[in-house]
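Subject: Structure for you to look through

Dear colleague,

I am passing on a structure that I would like you to open beside this message. Please read the notes below slowly, with the model on your screen.

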Amino acid sequence: MSDGGTPAALKDRVDARLHAFVEDETDRLLAIDADLAPVAEQLRIATEHGKRLRAAFCYWGWRAAGQPDSDALVRAAASMELVHAAAVVHDDLVDDSPLRRGRPTAHRALRAAVAGRPAATAAARSLAMLVGDLLISWAGQMFTTCGLPAAYLSRARPLWDVLARELVAGECLEILRTGTGPDPAASLKVIRYKTAKYTVEHPLHIGGALAGAAPDVREVFTDYGLPLGEAFQLRDDLLGLFGDTEDTGKADTDDIAGHRPTALLALAWQQATGAERHELGTLLGRRDLGGDDVDRVRAIMRRTGAPARVEDMIGERVRAATRVVEQARLPAEAARSLTGLARTATDRRH
């Protein structure tokens with residue numbers, strides 16, 4: 001593998017381009033008024049860490065189509081991380097999540113900037129919403145100024161419309177289905193549109209479109225990307241309740257307190273006894289959950305076998321994704337990297 005395409009080297013390249021872009025843009029923001037410093041700080045925090053999986057999938061979508069390594073492509077791929085940063089800020093705001101990567105979420109952190117003002121909590125939430133809006137605008141800006149020829153960019157432009165539509169649709173579906181009767185099929189649809197597609201499938205397709213990928217290669221991207229993206233989010237669902245908060249950096253009460261329509265909850269509900277359903281019903285959606293409450297939810301889920309079933313679903317999807325790559329006629333380096341990314345995306349603790 002070329003040095004620039006190893007996982008560590010690619011992450012470093014993406015980090016460097018993101019850092020340079022964000023620093024330049026926050027300097028321009030602060031030139032408008034120094035009072036924007038708290039907003040600039042949240043923009044930096046939202047973009048400074050991450051696994052950079054979406055950028056990696058975009059990069060290997062380009063390479064899988066037969067194109068060589070390209071610094072301009074790395075910059076285009078890095079823009080995928082700004083989409084993710086925007087989605088995280090908005091998602092935390094919608095869910096009123098208190099923590100992200102061990103730090104207060106943007107809408108919580110920004111309360112300090114408006115402390116003592118009328119409706120301070122609402123003002124902080126408004127600021128966070130605008131942080132997310134600017135991040136998504138930055139994504140488009142970074143992509144279109146990446147340095148690739150305009151003809152290449154025009155091939156990928158329609159895919160950004162699809163990404164935005166499906167990402168927003170998935171977030172809306174989660175809101176509309178929060179607190180409703182648990183349904184595994186409905187939960188998987190939320191997973192597919194809210195996370196799976198913009199995490200794996202869309203970055204692959206955008207990288208491939210930039211490279212002029214043939215139809216058969218684009219088909220591989222979907223057949224690989226959808227099951228792997230679902231497996232990625234199923235792992236997140238497990239980690240959200242059963243992971244170590246020191247590793248995840250998020251509160252382990254979020255999904256239960258928010259009564260989110262996760263596949264984990266839907267599968268547990270299917271197999272729960274009447275008494276267990278009643279007990280879950282008294283706990284789901286409560287914002288004052290204690291450690292004993294969360295332990296009880298975990299115990300019910302384990303008794304129903306739901307965590308084991310979700311693990312099986314992850315394994316099934318990873319095997320399906322890697323089988324697609326094994327059977328496809330992709331460049332050897334791209335095939336190896338996509339197989340490795342399937343493990344990286346799903347065999348993790350955060």
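Ala119 counts as exposed, its relative accessibility being 56%, where exposed means over 50% relative accessible area, buried under 20% and partly exposed in between, computed with a 1.4 Å probe on protein chains only. This is a predicted model, in which local features need pLDDT of at least 70 and side-chain atom pairs count only at pLDDT 80 or more, while totals for chains, interfaces and linings use all residues. Residues are numbered from 1 along each chain as its sequence is written, and side-chain values use heavy atoms, with hydrogens and water left out.

You will find Ala119 in the loop between helix H5 (106–109) and helix H6 (120–144); helices (H or I, at least four residues) and strands (E, at least two) are DSSP runs, numbered from the N terminus. Although Ala119 is not a glycine, its phi is positive, at about 55°. Arg101, which is not a glycine either, also has a positive phi of about 55°, and it sits in the loop between strand E1 (99–100) and strand E2 (103–104). Arg101 is partly exposed, with a relative accessible area of 35%.

Next, please turn to helix H4, which covers residues 71–95. At 1.5 Å a residue, its 25 residues should span 36 Å, and the end C-alpha atoms are 37 Å apart, which agrees; the expected span is 1.5 Å times one less than the number of residues. Of the 25 residues in H4, 21 are buried, so that the helix is mostly covered. At its N-terminal end H4 is capped by Ser70, which has a side-chain oxygen 3.3 Å from the backbone nitrogen of Ala72. After H4 comes Asp96, with a positive phi near 55°.

Arg235 counts as buried, at 13% relative accessibility, and its side chain makes a polar contact with the side chain of Glu311 at 2.8 Å. A polar contact is a pair of N or O atoms within 3.5 Å; within protein, one must be able to donate a hydrogen and the other to accept it, and residues adjacent in sequence count only if both atoms are side-chain atoms. Leaving aside neighbours within four places in sequence, Arg235 is in contact (heavy atoms within 4.5 Å) with Glu311, Ile314, Thr346 and Arg348.

His259 lies in the loop between helix H11 (254–257) and helix H12 (263–271), and it is buried, with a relative accessible area of 19%. Neighbours within four places in sequence aside, His259 is in contact with Thr178, Gly179, Thr180, Leu265, Leu284 and Gly285.

Finally, helix H13 (residues 274–283) and helix H14 (residues 291–304) pack at an angle of about 145°, with their axes 11 Å apart; axes are lines fitted to C-alpha atoms, for helices over the stretch in contact, and angles run from 0 to 180 degrees between N-to-C directions. The contact is made by Glu276, Glu279, Leu280 and Leu283 of H13 together with Asp293, Arg296, Val297, Ile300, Arg303 and Thr304 of H14.

With best wishes
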